[in-house]
2 protein chains.
Amino acid sequence: MPRRFPDDPAAWQALGTTYLFRKPPWLVLRHQGFRLPNGREIADYWISEYPPWVNIVAVTATDQVVLIRQYRPGLDDVHYEIPAGVVDPGEDIEAAARRELAEETGYGGGRWSVLTRLSANPALQNNITTSYLAEGVVPLGRAQPEATEDLRVHLVPLAEIPGFIDSGDMIQALHTAPLLRYLLRRRA
Amino acid sequence: MPRRFPDDPAAWQALGTTYLFRKPPWLVLRHQGFRLPNGREIADYWISEYPPWVNIVAVTATDQVVLIRQYRPGLDDVHYEIPAGVVDPGEDIEAAARRELAEETGYGGGRWSVLTRLSANPALQNNITTSYLAEGVVPLGRAQPEATEDLRVHLVPLAEIPGFIDSGDMIQALHTAPLLRYLLRRRA
């Protein structure tokens with residue numbers, strides 16, 4: 001459990017909720033008003049609801065990281081990413097991560113552990129992204145991306161990751177954070 | 001410029017854009033269809049447009065990090081954060097970061113540099129968050145948060161940050177990534 005302090009800000013009081021869209025898992029958007037602890041009201045606030053997300057820092061026995069390159073329409077560009085996806089309804093979170101790694105890259109196996117649990121935006125969305133560390137992964141088969149996925153697999157030396165972040169070649173905060181957490185652990 | 005590869009996935013072709021909401025800077029939501037390079041079409045895709053965002057890794061001369069605690073309705077919880085905010089129309093990005101640090105914490109001064117440029121989600125939103133490193137900050141005045149901000153300032157030793165991430169006390173990917181990038185640099 002995260003720690004608490006006696007003087008922590010109090011929760012806001014919800015004043016009413018209207019769902020504007022219900023298209024899970026892509027867009028579930030609710031509108032709410034809130035009353036703040038100081039009595040002030042926020043009339044318009046929007047929160048997106050998503051299923052849990054997963055991603056994977058997958059490293060081979062020779063310290064190569066399994067990355068993908070993929071077009072992303074929000075930024076209209078291609079960058080390095082780690083394999084990632086959405087947890088299906090009823091699916092175990094680690095099983096979802098193992099499935100995504102296999103589908104997107106063909107890699108699997110190795111020793112799995114949770115690396116980080118992070119939010120893309122705790123103000124505007126309600127889900128958590130669990131990042132797994134998979135050490136000692138090996139190619140198990142062919143990648144089988146979905147029909148709407150168009151990606152390339154790249155093996156990159158772990159030591160190059162900080163440079164990729166500094167150069168803008170890797171830009172997704174939910175991907176750079178677990179990679180950096182792992183790198184820091186390796187240097188500790 | 002990020003690097004390119006000859007076999008990189010091609011951009012998707014936009015098939016039409018409808019703006020569902022225009023409430024900047026909080027919610028500008030557009031609906032689009034896309035045609036993929038393989039000819040397949042995605043009928044429904046939603047992208048949020050935001051102004052540039054900023055945040056600040058502010059460290060004192062004795063390696064204390066200036067953090068805040070703030071309620072966030074997406075997760076309905078309070079965590080440690082770094083000071084952060086939205087760049088106002090026409091505002092210089094570093095000026096916005098200096099303003100947010102002063103407003104939220106009362107701290108300022110020191111040596112400023114860009115630490116990371118990251119996206120909260122390159123698939124679903126269009127903006128970049130610039131994270132500044134401010135080393136040697138000092139208290140310059142009283143914090144002057146906005147009426148809708150209810151936050152507490154905490155000074156925390158830099159060495160405690162990895163533990164905060166592991167324990168779930170710090171959970172925002174856009175905040176943990178630049179902090180970890182800085183910690184890795186300090187250990188290199």
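This section describes the overall make-up of chain A, a buried histidine of that chain, a sheet of chain B and a pocket lined by residues of both chains. The model is predicted.

Chain A contains 3 helices and 12 strands. Its C-alpha trace extends over about 55 × 40 × 35 Å along the principal axes. The chain comprises 188 residues, of which 56% count as buried. Among the contacts in chain A with a separation of 6 or more, 61% are made by residues 24 or more positions apart.

An individual residue of this chain may be considered next. His175(A) is located in helix 3 of chain A, which covers residues 173-187. The relative accessible area of His175(A) is 3%; this residue is therefore classed as buried, the cut-off being under 20%. When neighbours within four places in sequence are set aside, the residues in contact with His175(A) are Asn55(A), Glu81(A), Ile82(A) and Ala84(A). A further relation across the sequence involves Val57(A): this residue and His175(A) are 118 residues apart along the chain, while their C-alpha atoms are separated by 8.2 Å.

In chain B, 3 strands form an open sheet in the order 1-2-3, and their pairing is antiparallel. From one strand to the next, the twist averages 20°. In general, the strands of a sheet pair through backbone hydrogen bonds, in either a parallel or an antiparallel manner. Strand 1 of chain B and strand 2 of chain B (residues 27-35) run antiparallel and are joined by 8 bridges. Within this arrangement, Thr18(B) has His31(B), in strand 2 of chain B, as its bridge partner.

Two or more lining residues are supplied by each of strand 6 (77-81) and helix 2 (161-167) of chain A and strand 9 (111-118) of chain B. Of these elements, strand 9 of chain B gives the most to the lining, with 4 residues. Classified by residue type, the lining of the second largest pocket has 7 nonpolar, 4 polar and 4 charged residues.

Technical notes:
Residues are numbered from 1 along each chain as its sequence is written. Chains are lettered from A and ligands numbered from 1 in the order in which they are written. This is a predicted model: local features need pLDDT of at least 70, side-chain atom pairs count only at pLDDT 80 or more; totals for chains, interfaces and linings use all residues. Side-chain values use heavy atoms; hydrogens and water are left out. Buried means under 20% relative accessible area, exposed over 50%, partly exposed in between (1.4 Å probe, protein chains only). Contact means heavy atoms within 4.5 Å. Two strands pair if DSSP finds at least two bridges between them. Axes are lines fitted to C-alpha atoms, for helices over the stretch in contact, and angles run from 0 to 180 degrees between N-to-C directions. On a 1 Å grid over the protein atoms alone, a cavity is a set of points where a 1.4 Å probe fits but cannot get out, and a pocket is an open set with protein on both sides within 12 Å along at least five of seven lines; lining residues have an atom within 4 Å of a point. Ala, Val, Leu, Ile, Met, Phe, Trp, Tyr, Cys and Pro count as nonpolar, Asp, Glu, Lys and Arg as charged, and the others, Gly among them, as polar.
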